[in-house]
Amino acid sequence: MERCYNSYMDIQKITAMREGGKILGTILAELRDYVDVGMTKRQLDAWVRKKITDAGAIVSYDQLPQKFPGAICISVNDELVHGAPNSDYALQDGDKVSFDLVIGYKGYHTDAAFTTTVGKASPAVKQMIKTTEKSLWAGIATVAPGTHLGDIGYAVETVLRRGHLGIIENYVGHFIGKSMHMEPEVPNFGKRGRGYILRPGDTLCIEPMSSLGKPYNHVSPENGWDVILSDGSIGCHCEHTILVTETGFEVLTLPNCPKE
């Protein structure tokens with residue numbers, strides 16, 4: 001994984017990521033309203049791909065060394081993350097579905113995700129989504145020059161633990177820029193005052209992942225992509241790309257996962 005070296009408020013980078021982030025956020029906001037019972041993963045993926053190309057952006061997943069079979073990750077129910085969308089599975093009433101999208105624009109990537117339900121979902125699933133989104137915003141709120149990555153992880157972990165959710169530790173957030181995934185990693189757990197110290201110009205992805213049951217998971221042997229919760233419980237994933245500013249933070253991938 002390429003390491004993200006701070007270029008201290010690189011204007012070209014920030015401008016490209018602001019523009020790309022707005023494109024990404026708009027696509028996800030429209031997708032949130034569009035997705036419904038009966039739609040297939042394959043149909044939703046085709047819809048997203050067209051939105052990306054129509055906006056003049058590129059499908060970042062097409063650039064992976066091991067080609068991903070789609071433009072967006074779509075993870076349903078016990079699928080936690082990295083869900084391959086090349087499937088004719090049609091969303092059922094009450095399904096949980098997570099969408100994780102990375103796009104490229106003017107040489108830089110942005111990354112965001114949200115989780116929602118279609119039809120009549122259980123109160124427990126709705127509460128899980130609400131709590132996981134709350135943990136995302138708790139992590140974002142800590143971002144400023146001088147913040148340790150451990151401070152972010154601690155904030156996310158605290159909210160998830162209070163919500164009695166399983167905390168996924170083997171998949172984490174990351175820095176982002178010219179590559180999709182860059183070091184250092186951004187865990188969803190940690191101790192305050194530990195880890196890399198943020199500086200103005202850093203761009204990172206905070207992405208809490210949770211489960212209604214145990215956090216243990218495995219990669220599907222059927223397609224080698226879907227990360228599945230081993231106990232069959234429901235998973236949740238939310239994410240934003242964040243810019244560290246001189247005085248705090250800027251969320252680059254709004255308007256998805258809106259703050260309540």
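This is a predicted model: local features need pLDDT of at least 70, side-chain atom pairs count only at pLDDT 80 or more; totals for chains, interfaces and linings use all residues.
Student: What is the phi of His 82, and where is its place in the chain?

Tutor: His 82, likewise not a glycine, has a positive phi of about 60 degrees, and its place is in the loop between β4 and β5. With a relative accessible area of 30%, His 82 is partly exposed, because that class covers values between 20% and 50%.

Student: Which peptide bond is cis?

Tutor: The bond leading from Glu 183 to Pro 184 is cis, with omega near 5 degrees, and Pro 184 belongs to strand β9, which spans residues 182-186.

Student: Turning to sheets, how should I read the pairing of β5 with other strands, and which strand does β5 join over 10 bridges?

Tutor: In general, strands of a sheet pair through backbone hydrogen bonds, either parallel or antiparallel. Here β5 pairs with β6 (residues 108-117) in the antiparallel sense over 10 bridges, and Lys 96 stands opposite Thr 117 of β6. Two residues separate the strands in this hairpin, where Lys 106 takes a positive phi near 55 degrees. Strand β3 (residues 73-76) is also joined to β5, by four bridges in an antiparallel arrangement, with Ile 74 having Phe 99 as its bridge partner. Strand β2 (residues 58-59) runs antiparallel to β5 as well, through two bridges, and there Ile 58 has Gly 104 as its partner.

Student: Is β5 mostly covered or mostly uncovered?

Tutor: Strand β5 (residues 96-105) is mostly covered, with 10 of its 10 residues buried. Lys 96, Ser 98, Asp 100, Val 102 and Gly 104 point one way, while Val 97, Phe 99, Leu 101, Ile 103 and Tyr 105 point the other way, and all of them are buried.

Student: How many residues does β5 give to the largest nonpolar core?

Tutor: That core has 33 residues, and those with the most contacts inside it are Leu 31, Ile 52, Phe 99 and Leu 101. At least two residues come from each of α1 (11-34), α2 (41-54), β3, β5 and β6, and β5 gives the most, with six. Setting aside residues up to four places away in sequence, Phe 99 touches several others, including Leu 31, Leu 44, Ile 74 and Phe 114. Another core, of 26 residues, lies apart from this one, and among its members are Val 125, Leu 149, Ile 167 and Tyr 196.

Student: In what order do the three strands of the open sheet stand, and why is one side of β4 left without a neighbour?

Tutor: The order is β4-β13-β12, with antiparallel pairing. Because β4 (79-81) and β12 (217-219) stand at the edges and each has a single partner strand, one side of each has no neighbour in the sheet. Neighbouring strands of this sheet are turned by 40 degrees against each other on average, direction ignored. Two bridges connect β4 to β13 (residues 227-229) in the antiparallel sense, and Glu 79 has Ile 228 as its bridge partner in β13.

Methods. Residues are numbered from 1 along each chain as its sequence is written. Side-chain values use heavy atoms; hydrogens and water are left out. Buried means under 20% relative accessible area, exposed over 50%, partly exposed in between (1.4 Å probe, protein chains only). Two strands pair if DSSP finds at least two bridges between them. Axes are lines fitted to C-alpha atoms, for helices over the stretch in contact, and angles run from 0 to 180 degrees between N-to-C directions. A nonpolar core is a set of buried Ala, Val, Leu, Ile, Met, Phe, Trp, Tyr and Cys residues joined through side-chain atoms within 4.5 Å. Contact means heavy atoms within 4.5 Å.
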